[in-house]
Amino acid sequence: MNDVITFKAKDYKSGVKPIWCPGCGHFSVFNAVTKAMAGLGMNKDDTVLVSGIGCSSRLPAYVDSYGFHGVHGRGLAIAQGLKVARPELTVIAMGGDGDGFSIGGNHFMHACRRNVDITYVVMDNEVYGMTKGQASPTTPMDWDHSKLTPHGPGVRPFKPAALALAAGAPWIARAYSGNPNQMAHLLAQAIEFPGFSFLHVLSQCITFCPQQTDWKAIVNERQDAALEDEDEAARLFLHEDGFQTGLLYQRQRPTWPPEAAPPNDPDLTGGFRL
Amino acid sequence: MTQTDLAAFLAHSVELESEARERYLELADAMRAHHNTEVADFFMRMAHESGLHLEEVAQIAAENALPDLKPWEFDWPGEESPETASYEAIHYRLSLRQAIQLALENELAAQAFYASFAQSSADATTAELAAQFAHEESQHAAQLSVMLKELPPDDAHHREDDDDPHMPE
């Protein structure tokens with residue numbers, strides 16, 4: 001953290017202009033990221049944003065920090081490797097619902113289980129936008145706006161928070177692109193949480209899913225404290241409508257990798273003797 | 001909003017004008033990238049005007065020690081600062097009329113915000129400044145209302161796209 005220079009949110013913008021569609025929820029996430037960085041006074045040189053592929057995965061290019069625009073679905077693998085190799089860095093992984101829950105679905109589950117101290121932001125617009133609007137793992141069953149699924153995908157959508165909980169994520173929150181200030185606050189808490197923090201963002205796709213502008217009327221902010229009990233959280237995540245925002249679940253557990261005990265024998269070569 | 005302290009008021013005013021400018025700049029760039037030049041130019045003009053107001057507010061604020069508020073610590077009447085255009089209201093096929101209407105709503109929201117300070121503040125300097133800012137916002141709103149009146153109504157097909165992103169069967 002930087003105690004000398006105070007940056008405003010706009011100072012964390014790289015100057016590369018986003019090419020998202022006007023009205024895209026990812027603009028709001030971009031704003032929330034820069035606001036969280038400003039609010040925490042984060043040092044640009046100690047921060048790395050890692051992404052996969054998709055509209056949302058363009059975000060690291062727009063932030064004035066280190067960034068890695070990775071391979072489809074593999075942002076989490078890169079981010080975890082980076083954090084383990086360079087634990088002093090603040091590592092934020094990000095991507096979309098297709099990148100995170102389909103192509104990178106297995107990495108998501110194991111990242112929740114492994115609990116490396118990183119933050120993962122999923123910008124969920126329930127669609128593959130970059131490839132012009134195909135159904136993703138979170139698309140409603142009856143969404144029939146794609147030629148690939150003219151009668152809807154016919155498959156029940158993932159419940160990302162439930163999936164994260166079942167896989168062991170210790171910090172789960174949800175934000176909405178219509179409220180970037182709440183999102184920035186949640187993101188700041190996620191960054192400060194010592195462990196794997198999962199921020200699920202309802203981020204509207206104005207172009208392929210214009211009906212998502214209705215989310216504004218549905219989204220509701222959780223008033224209660226975050227749940228600590230896994231059973232209670234499981235009941236919430238399995239039965240809620242998916243539009244409750246706020247910090248939903250938090251229960252600290254040891255991070256990975258465990259701290260190695262100092263060697264008894266200062267001669268490290270001893271461990272390799274036959 | 002219950003804060004009546006001058007420093008808190010000025011901190012909010014600087015943030016309000018700064019966020020309005022940033023959002024208009026962002027929207028102008030996004031509209032230009034999507035070839036909606038007419039609306040891009042309008043948003044750029046709004047960004048310029050917000051910038052002028054920001055300069056004025058920042059000059060007054062420079063004489064005061066402002067509280068160091070984090071972005072989520074500002075006490076706004078809604079989710080974002082009042083003069084900031086909401087993302088849900090934006091579409092790449094936005095007409096100039098719709099863009100002006102949006103900007104008008106932003107100006108009126110800012111005016112209401114400043115007016116509430118002017119009415120509720122127990123501090124005379126704060127109330128006076130807030131009333132001045134509210135008046136300036138009302139002038140901006142009046143200019144936009146005139147622009148709206150001079151514009152012809154939107155073509156019923158203005159949102160149609162030769163390469164429509166939707167491909168339903």
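In this predicted model, a salt bridge links B:Glu79 to A:Lys216, with 3.8 Å between the closest N and O atoms. This pair is a handy way into the contact between the two chains, where the rule finds 5 salt bridges across the interface of chain B and chain A. On the side of chain B that touches chain A, 11 residues are nonpolar, 4 are polar and 11 are charged. The interface brings 26 residues of chain B into contact with 39 residues of chain A. The size of an interface is often expressed as the accessible area that is lost when the parts come together. Here the area buried between chain B and chain A is about 3,000 Å², and carbon and sulfur atoms give 58% of that area. Between chain B and chain A, 7 residue pairs are in polar contact, counting pairs with both residues at pLDDT 80 or more.

Salt bridges may also be followed through the structure as a whole, which holds 14 of them over all chains. In chain B, B:Arg23 pairs with B:Glu26, and their closest N and O atoms lie 3.7 Å apart. Both residues belong to helix α1 (residues 6-33) of chain B, and because they are 3 residues apart there, about one helical turn separates them. B:Arg23 is buried, at a relative accessible area of 5%, and B:Glu26 is likewise classed as buried, at 10%.

A salt bridge also joins B:Asp41 and B:Arg32, at 3.0 Å from N to O. Here B:Asp41 is partly exposed, with 41% relative accessibility, and B:Arg32 is partly exposed too, with 35%. In helix α2 (residues 37-61) of chain B, B:Arg45 and B:Glu49 sit 4 residues apart, about one turn of the helix. Their side chains form a salt bridge of 3.4 Å, N to O. B:Arg45 is partly exposed at 40%, as is B:Glu49 at 23%. Shared partners also connect salt bridges into one network, made up of A:Lys13, B:Arg21 and B:Glu22.

Turning to the cysteines, a search of the whole structure finds 0 disulfides over all chains. A:Cys21 has its nearest cysteine sulfur, that of A:Cys205, 6.4 Å away, and A:Cys21 is partly exposed at 25% relative accessibility. For A:Cys55, the closest cysteine sulfur is in A:Cys24, and the 6.6 Å between the two sulfurs is too far for a bond. A:Cys55 is partly exposed as well, at 23%.

Beyond its neighbours within four places in sequence, A:Ser65 is in contact with A:Met37, A:Lys44, A:Thr47 and A:Leu49.

Notes. Residues numbered from 1 in each chain as written. Chains lettered and ligands numbered in written order. Predicted model: local features only at pLDDT ≥ 70, side-chain atom pairs only at ≥ 80, totals over all residues. Heavy atoms only, no water. Contact = heavy atoms within 4.5 Å. Buried area = accessible area lost by both parts, 1.4 Å probe. Salt bridge = Lys/Arg side-chain N within 4 Å of Asp/Glu carboxyl O. Polar contact = N/O pair within 3.5 Å; in protein donor to acceptor, adjacent residues only side chain to side chain. Nonpolar A, V, L, I, M, F, W, Y, C, P; charged D, E, K, R; others polar. Disulfide = S-S within 2.5 Å. Buried < 20%, exposed > 50% of the residue type's maximum accessible area, 1.4 Å probe, protein only. Helix = DSSP H or I, 4+ residues; strand = E, 2+ residues; numbered from the N terminus.
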